[in-house]
Amino acid sequence: MKIHAAGGKGEHGRNCFCIDDGQNTFLLDCGIIAEDRENPNPRLSKDEIERLKVIFISHSHADHCGALEWIYAQGFNGAVVATKETFENISFQIPNKIYLEQWNKLQNENRFGIKIEYGRSGHCLGGVSIKLKFTDQKRTVFYTGDYTEHTQIFNCDKIRKQKSDFAIVDCAYGENTFTYKKQCHEIIFHIKKALKNCKPVLLPVPKNGRGIELLYFLTEKLGSKKVQFYADDFLMNHISSISSKTQAKWFSKTLDKIKKNLKLIPSNEVFTNAVIFVSNPQLKDGKAILLSKRILIQNGKIIFTGTVEKDTLAQKLVNTQNARQIIYPVHQTNKGYEKLCAKNEFDQVIKFHTPDDDCQERNFSF
């Protein structure tokens, strides 16, 4: 069997791995990369696309599923497999959806000799790690997706004692030496410092994942300080939607706790003792840009807790020291990658999602 790293190896984004069993091809994720504006899609050949039967999606972030519309435009007419929560957070209308939870219950002829094991990845709602078992070839491929064992509310089924012929492991933070505890401490320190001086704090976050994690974390840490939390309409609706759909009582109670001290961002108001969440991590759209200007006019602070993309307002604000970047870890570092590999049995393993890795070799046999 062969694997072609069509994206995600040696770069932060465009995550896509093409598995070739000799007759058909299958994709693990189908993402885009923001920094390559001319060609943000996966590096897939015409033959790979023509033989493509199934796309397995680990979670709903654009760098893992943003190329779905493009792949359909190339003639793809197979199935897309993901969790129910992941499908609910993908805006593109997918014609042939199969819930990951149902895959093993399908008839053999519909599964191409593939059985699936999966676990929650801790990265976002619906995010999973996936193990593909090719029964005919007696080969297995393990894919962590975006993975973290440090999570406030998103469950992680820790990857332990897994055996696989080939593994693709998240290492997005590469050579960074920070720890989860240290980063959390730094975020709290700078937010408290701003609030003490009556300055508002703006946190641009993704639409699914880190935003809810941070809301819960900060509610726990700052709730007793009479801090007012604000969110845009998307995040407000997203939290309410999740709360109404989830059948997990503990998760529903957690979301209800978040909502108690959360208000919609007002159109015109001077913020005091406030932490504001906007679901636009790079500050690309008009409302987010205006809100950031409004915060700066009020001498507030802007903190980016994730990757800052090239040629964005986010990058400009950080470079001009009008904003601060403090990573809230939702991926692994090299150290985490090494520890994970040591706790499992992977015959061949590559790291992905990191520009620190050598990207020269993208084709593998196993």
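# A walk through the predicted model

Phe166 is found in strand E10, which covers residues 163–170. The model is a predicted one, and the values below are computed from it. With a relative accessible area of 0%, Phe166 is buried, because residues under 20% count as such. Setting aside neighbours within four places in sequence, Phe166 is in contact with Ile3, Thr140, Val141, Phe142, Gln348, Ile350, Phe364 and Phe366. Tyr143 is 23 residues away from Phe166 along the chain, and the C-alpha atoms of the two are separated by 8.7 Å.

Ser164 is in strand E10 as well. At 4% relative accessibility, Ser164 counts as buried. Its contacts, again leaving out neighbours within four places in sequence, are Thr140, Val141, Phe142, Glu345, Phe346 and Asp347. A separation in space of 48 Å, C-alpha to C-alpha, lies between Ser164 and Gln228, which are 64 residues apart in sequence.

Ser129 lies in strand E8, residues 128–134, and is buried, with a relative accessible area of 4%. Not counting residues up to four places away in sequence, Ser129 touches Phe142, Tyr143 and Thr144, together with Glu117, Tyr118, Gly119, Ser121 and Ile159.

Is Gln137 buried or partly exposed? Its relative accessible area is 26%, and Gln137 is therefore partly exposed. Beyond residues up to four places away in sequence, Gln137 touches Met1 and Asp21. Gln137 and Ile114 are 23 residues apart along the chain, with their C-alpha atoms separated by 9.8 Å.

Next comes a pair of helices. Helix H5 takes in residues 180–196 and helix H6 residues 210–222; their axes come within 12 Å and cross at roughly 60°. H5 and H6 are therefore oblique to each other, and their crossing is right-handed. On the H5 side, the contact is made by Cys184, Ile187, Ile188, Ile191, Lys192 and Leu195, which meet Leu214, Phe217, Leu218, Lys221 and Leu222 of H6. By class, the residues of this contact are 9 nonpolar, no polar and 2 charged.

In soluble globular proteins, nonpolar side chains tend to be buried together. Which residues touch the most other members of the largest nonpolar core? They are Ile191, Leu203, Leu218, Phe229, Val275 and Phe277, out of 39 residues in that core. At least two residues of the core come from each of H5, strand E11 (201–204), H6, strand E12 (228–231), helix H7 (233–245), helix H8 (249–260) and strand E14 (274–278). Ile191 and Leu218 also take part in the contact of H5 with H6.

Neighbours within four places in sequence aside, Leu203 is in contact with Ile191 and Leu218, with Val275, Ile276, Phe277 and Val278, and with Ile303 and Thr305. A second, separate core has 28 residues, including Phe17, Leu100, Val128 and Leu132.

Two loop residues call for a look at the backbone. Most residues other than glycine have a negative phi. Asn273 has a positive phi, near 50°. Asn273 lies in the loop between strand E13 (262–264) and E14. With a relative accessible area of 25%, Asn273 is partly exposed. For Asp311, phi is near 60°, again a positive value in a residue other than glycine. The loop that holds Asp311 runs between strand E15 (301–304) and helix H10 (313–319).

Helix H10 is also the place of Gln315. Gln315 counts as partly exposed, at 26% relative accessibility. Not counting residues up to four places away in sequence, Gln315 touches Val308, Glu309 and Lys310. Gln325 is 10 residues from Gln315 in sequence and 9.3 Å from Gln315 in space, C-alpha to C-alpha.

Conventions:
Residues numbered from 1 in each chain as written. Predicted model: local features only at pLDDT ≥ 70, side-chain atom pairs only at ≥ 80, totals over all residues. Heavy atoms only, no water. Axes fitted to C-alpha atoms, helices over the stretch in contact; angles between N-to-C directions. Helix = DSSP H or I, 4+ residues; strand = E, 2+ residues; numbered from the N terminus. Parallel < 35°, antiparallel > 145°, perpendicular 65-115°, else oblique. Left-handed = near helix turned anticlockwise from the far one by under 90°. Contact = heavy atoms within 4.5 Å. Nonpolar A, V, L, I, M, F, W, Y, C, P; charged D, E, K, R; others polar. Core = buried A, V, L, I, M, F, W, Y, C linked by side-chain atoms within 4.5 Å. Buried < 20%, exposed > 50% of the residue type's maximum accessible area, 1.4 Å probe, protein only.
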